[in-house]
Every structure is written in structure tokens, then in C-alpha cells.
Amino acid sequence: MAPDRSCRRCGRWTAEPHRLRCPGCADERMDLDGVVATCHYTDPLRHWIRSFKYHRQDNLAPMLGRLLVESPSLAAQHGRDALAAAHLMMPVPLHPRRIRSRGFNQSYLLARQATAALRSWEGSIPMLETGLLKRHKNTRPQVEMTRKERYTNVADAFSINAFSIDAFSVDSISVDARSVTEPAEIPPRCDESEAGHPAIRGRNVILVDDVMTTGATLNACARVLKAAGAATVTALVLARL
Ligand SMILES: [Zn+2]
């Protein structure tokens, strides 16, 4: 197998394989424990992602979802390791108003398709979890923003939905994934008086998004999940810009 040529910490491509940290992220403070970017952001992938996201071509979701977990990219082994250790797979949530205007949450469709594609895996696979992490602030589109503006824009946009039905029925939420293979070993439920959230505490979480630009959104999600007790949070994206 080809060596991993993406930085495990930030997902950028590196000349030197198996980098745990690269010059590009050496001084960055990140709440994410790692980033798996499975493809290069070049055509045709770039075109597919834009069509999917901005032109409502949700028929591209199955192919793109499979690319997240079955890409023969140089980050493949890194990604497989992260997925094998993960308990939960969560899409980056959109604000309900944004879902209404776009028609769907692209990250949710990708995560759903990725989870379905993992059915063919041997061993444990993470469960799709869509109710715990919520976006309570409808942030402004970030396309024209600087890195600093992006971090400020999403800093307090996410929170944990303490009343999520999913949160307390982890054993039943991911019928599509768990009914096929045994899940990763999940830590026993803890006393709810402990810090964090009982459905998140001690779990390894995979956060799914289409692309990672500055990482502001994924880091904001990771911070909230870490505060809720997540053991690790790893971003899984199609490409790192
Ligand atoms: Zn890096």
C-alpha cells in the first residue's frame, strides 16, 4: 500500500509521508485530534462537490459518500485506522434555516452514505449519530471571509442537544450500520452526574464534512464535543483546501 502523504493532524498533503504534524499546522491550535482528507480538491471532484452542494444534485451523494471511506488515496490507511477506532460518526450540522434553503444537509447525506458503504467492512464500524450536535446559530456564509473571521463567525454556533432522542438510544439509532457488524467497543455508560454527556463521554467521534478550508467549523464542533467528554474527534472530509 502507498504511504500516507497527508498530515495526520491537519489533513494537508505533505511531501514527506507519515507526518504527524506538518510545517503548515505546527503553530495552529486545533481542537480536532486529526483530519483525514481522502482526495485532492481537483476536477472532477471539485466539480462534483459544487454540483452536489450548490446545484442540489443530491444524486451524487452515494458516490461521494463512498469516496470518503473507500478512496484509494494516500490517506487511506490513516482513514481506516480512524474509522476502526471510532464509536460515532456525526455530520457537521446545518442550521434548520440553511437546510430549508439548500434542501438538504450535504454532510448528513455524505455521512449516511459513508456509513452504508462501511457495511462491507469486517470488524467494527462507527454508528451514525445525527441528533446530538446541533447548530443553534445560523452563521453567515464564509466564502469571502478571512481565516480569523471564519473562526469568530462559528465560534459559538454549535451546542450539544441534551434532549436528543438519539442521545439516549445509541443502541437503536444506527440500524443500518449496527445490524450488520459488531460495533466498536463502547465504554460502559457512566453516571450522568459525571462531566460531559453520557452518549459522548469517552467516545471517539468522526466528524463528517464535504471539504475543510480553514477548519473553523470543524474545530468549533470538536470543541463542543470535547467539552461534552469525547475522547477524540477526527474530521473526515473529501478534501482539504
Ligand atoms: Zn499539518
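A nonpolar core is a set of buried Ala, Val, Leu, Ile, Met, Phe, Trp, Tyr and Cys residues joined through C-beta atoms within 7 Å. In this predicted model, the largest such core has 54 residues. Helix α9 (residues 216-227) supplies the largest share of this core, with seven residues.

**Overall composition**

- The chain has nine helices and seven strands.
- Of its 241 residues, 40% count as buried.
- Among contacts between residues at least 6 apart in sequence, 76% join residues at least 24 apart.

**Confidence of the prediction**

- The mean pLDDT of the chain is 85, and 84% of the residues reach 70 or more.
- Where pLDDT is low, the predicted coordinates should not be read in detail.

- Strand β2 runs parallel to β3 (residues 127-128), to which two bridges join it. Within this pairing, M89 stands opposite L128 of β3.
- Strand β2 also runs parallel to β6 (residues 204-212), and here four bridges join the two strands. The partner of P91 in β6 is V208.

**Residues of the core**

- The residues with the most contacts inside the largest nonpolar core are M89, L207, V208, C221 and L225.
- Leaving aside residues up to four places away in sequence, V208 touches L68, M89, M90, P91, V92, S107, L110, A111, A114 and L236.

**Packing of helices α6 and α9**

- Two packed helices are described by the angle between their axes and the distance between the axes.
- For α6 (residues 147-154) and α9, the angle is about 35° and the axes are 9 Å apart.
- The contact is made by R150, Y151 and V154 of α6 together with A216, T217 and A220 of α9.
- The crossing of α6 and α9 is right-handed.

**Backbone features in the loops**

- Most residues other than glycine have a negative phi, and most peptide bonds are trans.
- The peptide bond from D43 to P44 is cis, with omega near 10°. P44 lies in the loop between β1 (34-39) and α1 (45-54).
- R56 has a positive phi of about 55°, although it is not a glycine. R56 belongs to the loop between α1 and α2 (61-70).
- R56 counts as exposed because it has 12 C-beta neighbours inside 10 Å, and a residue with 12 or fewer is classed in this way.

**The segment before β1**

- H18 lies in the segment before β1.
- With 13 C-beta neighbours inside 10 Å, H18 counts as partly exposed.
- H18 and C7 are eleven residues apart in sequence, and their C-alpha atoms are 7.0 Å apart in space.

How values were computed:
Residues numbered from 1 in each chain as written. Predicted model: local features only at pLDDT ≥ 70, side-chain atom pairs only at ≥ 80, totals over all residues. Pairing = 2+ DSSP bridges. pLDDT = per-residue confidence, 0-100. Buried ≥ 20, exposed ≤ 12 C-beta atoms within 10 Å, placed from the backbone. Contact = placed C-beta atoms within 7 Å. Axes fitted to C-alpha atoms, helices over the stretch in contact; angles between N-to-C directions. Left-handed = near helix turned anticlockwise from the far one by under 90°.
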